[in-house]
Amino acid sequence: MTGAEPADVAAAFRERFGAPAQAVVRAPGRVNLIGEHTDYNEGFVLPMAIDREVRMAVRPRTDGRVVVRALDVGEEAEFEVDAPTKGRGWSEYLKGVAWSLAWAGIELRGFEAAFSGNVPRGSGLSSSAALELAVARAFHVSSSFEWEPERIARICQRAENEWLGVRSGIMDQLASAAGQEGHALLIDCRSLAVDPVPLPSGSAVLVLDTSTRRALVGSDYNERREQCEEAARRLSVASLRELTRERLEAQAHLLTPLLLRRVRHVVAENDRTLAAAAAMRAGDASRLGELMNESHISLRDDFEVSSKALDAMVSCARSQPGCLGARLTGAGFAGCAVALVTAEAASAVAAAVGDCYRTASGREPQIYLCRAAAGAGLI
């Protein structure tokens, strides 16, 4: 099982800027246990923040200039908080957060920073949300506004939707902002109510990285969201959250076969997510695993966001003694799967799944045993 620590951002800051940082902030990635493509349909999701994160050493400036060193790529970016201009690359996440914070009426001052992270990019573990929340925390240090996790998550989501052009839901940013140690979060994506749910005793979570990557910008992700919006219009509902299985059956004739499959996934996935939270509260890890298995089948067949690599990884995981359930996680198309395993078998399952996937795909996987971590904060 792998997982290198982020670089020493405090030492790197001192070397680059010639003085100590005032603070080191962190923001975690997340793995979604169940509830996929439901967030932008105002449904339910069940993610947990994980112990893989972005760390940023920060020193406030007295002006509006932001100067940031990205240690993992050896690059630097600068911009003015009151006049960010769109470009390309990792700095767009910083500029987008600055733009969205200012739009929300928050007066910003600049900062100097160095950052590093160990959330794999493009893997479905929300490296972008981790960076966005770390940047928001850096601005919190420099600009001293009130830190309200739900509000800040909304602001960072707007940065991703409107500055970056990815029409993501609220799950990633809210999980990174509000995570709790030892718990997943049942999130109602309509009300933003957050209900911490403990992981079943004796179970553990493995993240299974297929070593395949996708970019959400320009991908089929936005197309899936547009299909859901079209289905909602045809069914005369504000969002697919309003549908029950019975109502969908009664109105199925209003949808094309493709749209029916998309909606069927969302409606069933909301039910599965609520059932999964109930199973976790009851300590029923076996039932949680069964629901994860059902979720993958639905994502593969009805929502059509799996891939050969993801299917191979999930199959390898399910074939191992000690694996209770597995599914793709994140938007799909590439990236990671997640497996619920018995804690005592976690290391053996990880090794066996790695061997199985290498043989099946010819790729080298990365496998992480993840702990449920706290949300964005100071180190």
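**Entry 1**

I began with Leu-192, which is buried because its relative accessible area is 7% (buried means under 20% relative accessible area, exposed over 50%, and partly exposed in between, with a 1.4 Å probe and protein chains only). I was looking at a predicted model, in which local features need pLDDT of at least 70 and side-chain atom pairs count only at pLDDT 80 or more, while totals for chains, interfaces and linings use all residues. Residues are numbered from 1 along each chain as its sequence is written, and side-chain values use heavy atoms, with hydrogens and water left out.

I placed Leu-192 in the loop between β6 (183-188) and β7 (194-198), where helices (H or I, at least four residues) and strands (E, at least two) are DSSP runs numbered from the N terminus. Its phi is positive, about 65°, although Leu-192 is not a glycine. I noted this because most residues other than glycine have a negative phi.

I then looked up Ser-236, another residue other than glycine with a positive phi, near 60°. Ser-236 is in the loop between α6 (220-235) and α7 (245-251), and I recorded it as exposed, since its relative accessible area is 63%.

**Entry 1: the chain as a whole**

I counted 11 helices and 12 strands in the secondary structure of the chain. Along its principal axes, the C-alpha trace spans about 60 × 50 × 40 Å. For 379 residues a compact globule would have a radius of gyration near 21 Å, and the chain has 20 Å, which agrees; the radius is taken over C-alpha atoms, and the globule rule is 2.2 Å times the number of residues to the power 0.38. Of the 379 residues in the chain, 59% are buried.

**Entry 2: the largest pocket**

What volume does the largest pocket have? I noted about 1100 Å³, this being the space filled by probe spheres set on grid points that are joined across faces, edges and corners. A pocket here is an open set of points on a 1 Å grid over the protein atoms alone, where a 1.4 Å probe fits and protein lies on both sides within 12 Å along at least five of seven lines, and lining residues have an atom within 4 Å of a point.

The lining has 46 residues, and those closest to the pocket centre are Tyr-93, Arg-121, Gly-122, Ser-127 and Ser-128. I found that α2 (91-103), β5 (111-117), α3 (127-143), α4 (149-163) and α5 (171-178) each supply at least two residues of this lining. Sorted by class, the lining has 20 nonpolar, 15 polar and 11 charged residues, where Ala, Val, Leu, Ile, Met, Phe, Trp, Tyr, Cys and Pro count as nonpolar, Asp, Glu, Lys and Arg as charged, and the others, Gly among them, as polar.

**Entry 3: rings and charges**

I found five aromatic pairs in the structure, a pair being rings of Phe, Tyr or Trp (its six-membered ring) with centres within 6.5 Å, stacked if the planes are under 30 degrees apart, edge-to-face if over 60, and tilted otherwise.

The charged end of Arg-52 sits over the ring of Tyr-368, 4.0 Å from its centre, and that of Arg-137 sits over the ring of Trp-147, 3.9 Å from the centre.

Arg-371 lies in the loop between β11 (366-370) and β12 (377-378) and counts as partly exposed, at 44% relative accessibility. I noted that Arg-371 and His-183 are 188 residues apart in sequence, with their C-alpha atoms 9.1 Å apart in space.

Ala-285 is in helix α9 and counts as buried, at 13% relative accessibility. The C-alpha atoms of Ala-285 and Leu-340, which are 55 residues apart along the chain, are separated by 8.0 Å.

Glu-290 is in helix α9 (residues 285-301) and counts as partly exposed, at 42% relative accessibility. Between Glu-290 and Arg-190, 100 residues apart in sequence, I noted 26 Å from C-alpha to C-alpha.

Conventions:
Lys NZ or Arg CZ within 6 Å of the ring centre and 35° of its normal.
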